[in-house]
Amino acid sequence: MSLTLNLPRGAVSTERPALIMGIVNCTPDSFFSGSRFSGARAVERALELVEEGADIIDLGGESTRPGAEYTDESEEAGRILPVIEGIRRRCGVPISVDTRRLSVFREAWRRGADILNDVSALEDDAALADFAAEKKCPVVLMHKRGNPVDMQSDTFYADILKEVDSYLRARVDFALSRGIPRDRIILDPGIGFGKDTRSNAMLIRGCGSLCGGEYPVLMALSRKTCVGYLSADADEEIPGPEERLPGSVSANLIAVQSGARILRVHDVKATRQMLNVLKNL
């Protein structure tokens with residue numbers, strides 16, 4: 001089943017079961033050290049991921065790992081804007097920017113970014129919605145509870161799927177009310193953002209039901225802590241981020257089978273192989 005995501009300056013398509021979004025963290029403190037890059041090395045890493053099969057590159061200049069403090073917006077912009085420029089000089093791959101701020105995304109757009117990936121689902125800076133609507137940018141709306149510094153302090157949900165669904169429906173309504181086209185809205189259930197392992201597992205299995213399956217779902221679980229817990233035997237030490245590739249590929253496979261249409265991953269080549277197996281079986 002083919003998938004096409006319309007962009008302001010074209011479109012991105014795949015014949016695989018999901019689009020692959022390759023992660024380049026332009027931060028010094030992302031939870032997976034193997035994803036931290038800056039400057040020219042970040043540009044080279046993005047191009048490597050494109051060679052491996054990434055359909056989209058996702059850049060972030062502010063870590064949202066559990067316990068992280070928010071970054072000053074000028075520092076965030078300084079980390080990612082030169083990287084966007086460097087990629088654009090050499091490649092036309094669609095670029096997603098992981099930011100909560102209009103000031104950052106506006107400058108990223110001017111340099112060639114295509115997609116807004118907002119962990120606050122347009123709550124932290126409502127003016128982002130107006131800008132995205134004007135430019136017709138795809139917008140990723142993510143569910144989270146609290147902020148990175150405190151989000152794991154309350155992970156209880158009476159009904160995780162119902163509560164995440166209700167939140168995302170409200171944010172979709174907000175986005176639509178500000179003029180963002182329906183075909184530019186993407187949902188992210190927010191794996192690991194204020195959720196325990198059981199809740200994360202239920203979202204992986206049930207992601208395709210969110211908002212009635214009307215919008216593409218982005219799954220961002222690559223190498224996260226929940227993958228470590230899900231992949232370990234009961235008497236085994238939880239594997240660290242560097243050891244979570246097999247578990248990440250397995251969890252992403254289940255997510256795609258459950259309805260996810262975009263996978264945000266550190267390991268593009270392994271993910272591409274998995275999606276090709278799904279496509280060809």
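Let's start with Asn 25. Asn 25 is buried, because its relative accessible area is 11%, and the cut-off for buried is under 20%. Bear in mind that this is a predicted model.

Where does Asn 25 sit? Its place is in strand β3, residues 19–25. Its side chain makes a polar contact with the side chain of Ser 30, at 3.5 Å. Now the wider surroundings. Leave aside neighbours within four places in sequence, and Asn 25 is in contact with Ser 30, Ser 35, Arg 36, Phe 37, Gly 60, Arg 264 and His 266.

Next, the sheet. How many strands form it, and in what order? Eight strands form an open sheet, and the order is β8-β7-β6-β5-β4-β3-β10-β9. The pairing is parallel. β8 and β9 are the edge strands, each pairing on one side only. In that order, β3 stands between β4 and β10.

Strand β7, residues 139–142, pairs with β8 in the parallel sense over four bridges. Val 139 stands opposite Ile 185 in β8. Strand β8 covers residues 185–188. Which way do its residues point? Ile 185 and Leu 187 go one way, Ile 186 and Asp 188 the other. All of them are buried.

β9 and β10 run parallel, joined by two bridges. Met 219 has Leu 263 in β10 as its bridge partner.

Follow the chain out of β10. The loop between β10 (262–265) and α9 (268–280) holds Asp 267. Is Asp 267 buried or exposed? Asp 267 is buried, because its relative accessible area is 17%, against a cut-off of under 20%. The side chains of Asp 267 and Arg 223 are joined by a polar contact of 2.9 Å. Not counting residues up to four places away in sequence, Asp 267 touches Ser 222, Arg 223 and Leu 245.

A search of the whole structure finds one cavity of 30 Å³ or more. The largest cavity has a volume of about 30 Å³. What lines it? Ser 222, Leu 245, Ser 248, Val 249, Asn 252, Val 265, Asp 267 and Thr 271. By class, the lining has three nonpolar, four polar and one charged residues. α8 gives the most to this lining, with four residues.

α8 comes up again at the second largest pocket. That pocket has a volume of about 180 Å³. Two or more lining residues come from each of α6 (197–206), α7 (225–231) and α8 (245–258). Which element gives the most? α8 does, with four residues.

Last, α6. Its buried residues are Ser 199, Asn 200, Ala 201, Leu 203, Ile 204 and Gly 206. What covers the buried residues of α6? The cover includes α5 (160–177), β9 (218–219), α7 and α8. There, β9 returns, one of the edge strands of the sheet.

Technical notes:
Residues numbered from 1 in each chain as written. Predicted model: local features only at pLDDT ≥ 70, side-chain atom pairs only at ≥ 80, totals over all residues. Heavy atoms only, no water. Buried < 20%, exposed > 50% of the residue type's maximum accessible area, 1.4 Å probe, protein only. Polar contact = N/O pair within 3.5 Å; in protein donor to acceptor, adjacent residues only side chain to side chain. Contact = heavy atoms within 4.5 Å. Pairing = 2+ DSSP bridges. 1 Å grid on protein atoms, 1.4 Å probe; cavity = no way out; pocket = protein on both sides within 12 Å on 5 of 7 lines; lining within 4 Å. Points joined across faces, edges and corners; volume = space filled by probe spheres on them. Nonpolar A, V, L, I, M, F, W, Y, C, P; charged D, E, K, R; others polar.
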